[in-house]
Amino acid sequence: MKNNIDENSVLRFPPSPTGNFHIGNAKTALFNYFLAKKYGAKLKFRLEDTDKERSKKEYEDDIIAGIKWLGMDIDLSSPYRQTEHSGTYQKYLEKIISEGKAYVSKEEVVEEGQRAEVIRLKNPGKEVVFNDLIKGEIKIDTKELGDFVIAKSISEPIYHFAVVVDDFEMGVTHIVRGEDGLYNTPRQILIQEAIGATRPVYAHVPFLLNEDRSKMSKRQLGEMVSVSYYKKMGYLPEALVNFLALTGWHPDGEKEIMSLDEIIASFDISKVQKGGAIFNKEKLLWINKEYLKKLPRERLLSEIRSRLPEKYSDLEKVEKLLPTILDRISIFSDVDKMVEAGELKYFFEKPEYEKAGLIWKTSSEDETKENLKKVLEVIGLVDDFEFTGDKVKEVLWPIAEKVGKGQILWPTRFALSGKDKSPDPFTLIDILGKKETTERLVLAINKLT
RNA sequence: GGCUCUAUCGUCUAACGGUUAGGACAUAGCCUUCUCAAGGCUAGAAUCGCGGUUCGAUUCCGCGUAGAGUCACCA
């Protein structure tokens, strides 16, 4: 289906500031953004803040911060606020009432808070048909809707009416929104026809789903539904954008790691999947790691250092440690986990351990002591000024091969780390340096009798 | 329940009506290794069911089935 989007088109992103920026909302915002950028169309930002009870400034700020963080270059300086256009709604309401297309209706008050009078649209009761860019032709019979309510009073339009008026006033030509809007579309089309608005082109983007295929919810996924969570957890926004683009859409080739520009260039709304997609967090993690690998060293260093405690601040050491850390993290908050698990501690201070840990499974205490002495001796032969893990490996490896690699390498590594699991001894030696390595070996030897 | 939408490996997805149904994540195994991580290689894994149309259906149509969404004086 032709989407007819060009540089004269107007798209929109209209969140209501009644909650934190939802990841599903970010997905539709992104799809709008890809389209706007690709075709040079406008993307207007609107705040649907008519619900005064639930709308909050903090949510508005959260949404704006999220848009910026994701790297969407949208003009956020003067959003169209529904609360600033009440006069406009009233004008249209009065117009269609006077034309007999809507009317003030007397209501029976059943519940508390119900109005005795509301405004209803005179529903022609026809079948509404529209072509959705993603879903295809949709036919819905509006008869059962009856004369539905469009405003609580002449100055209080309800959502559907406000949206239609806003889109018309803003010159919106393409509405790309979440799938939940699909069923709202026919009644909005009816309102459009009543006020004499032109019909925009629709595209309904499928949901992001929970594991059980229900709509992604805070109830099931907690904080994971909020964009701010990903920032907090140290995901890279580029990775999130790449991931979100890939849920429900796929480029022509098999390349999945794509820059924003590449996504924009190849994005095609007609190829968006019709069904929802379960949020695959493992894949997101993998994508993030791919982006991490490509990150400039300086940036990596500063992000990681900012997550290390004060006592691990030795710059030279952290620089040496960088590849080791990078191998073990997918997101920056994994650094926090490493710190908590004590996986970094032994790089900065001497480890504490029981001597039994030093002994390789097929070895004895005596043998271990002898082997460590041997290691110490050999390491002593490597010149101070060319002391690196590789140099040590050159001299130690032949011995390890002769005596048994487990016999030599396990106690060496354990003496340096005090851990069953750690990077290999040469990496440790490289990071620790000659003096510290020697000291730790001596301590280990002295533990053994 | 009415209405609407959806249906390819566990997950995200490719495939003008003609492919040994492709890729990625995850999983398993192997390699590399003293351990862990990373990396490399390999493997298993799918067209929801039944009918039709067609020389030929993952693809088109119908009916089932399953799932989701929606049925406000919320947005």
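This is a predicted model: local features need pLDDT of at least 70, side-chain atom pairs count only at pLDDT 80 or more; totals for chains, interfaces and linings use all residues.

Colleague: In which order do the strands of the open sheet lie?

Modeller: Strands of a sheet pair through backbone hydrogen bonds, either parallel or antiparallel. Here the order is β1-β2-β3, with parallel pairing. Strands are DSSP runs of E with at least two residues, helices are runs of H or I with at least four, and both are numbered from the N terminus. Two strands pair if DSSP finds at least two bridges between them. β1 (10–13) and β3 (80–81) each have a single partner strand, so one side of each lacks a neighbour in the sheet. β1 pairs with β2 (residues 42–47) over four bridges, and Arg12 stands opposite Lys44 in β2.

Colleague: In which sense do β6 and β7 pair?

Modeller: β6 (residues 127–132) and β7 pair in the antiparallel sense over six bridges. They form a hairpin with three residues between them, and Phe130 stands opposite Ile138 in β7.

Colleague: Why does β7 lie largely in the open?

Modeller: We call a residue buried if 20 or more other C-beta atoms lie within 10 Å of its own, exposed if 12 or fewer, and partly exposed in between, with C-beta atoms placed from the backbone. Of the six residues of β7 (residues 136–141), the number buried is zero, so β7 lies largely in the open.

Colleague: Where does helix α18 bend?

Modeller: α18 bends by about 115° at Gly433; the bend is the angle between axes fitted to the seven residues ending there and the seven starting there. Buried residues of α18 include Phe426, Leu432 and Leu441.

Colleague: How far apart are the C-alpha centres of domain 3 and domain 4?

Modeller: Those centres lie 24 Å apart. The contact takes six residues from domain 3 and seven residues from domain 4, counting two residues as in contact if their C-beta atoms, placed from the backbone, lie within 7 Å. Domain bounds come from an automatic or database domain assignment.

Note on methods: Residues are numbered from 1 along each chain as its sequence is written. Chains are lettered from A and ligands numbered from 1 in the order in which they are written.
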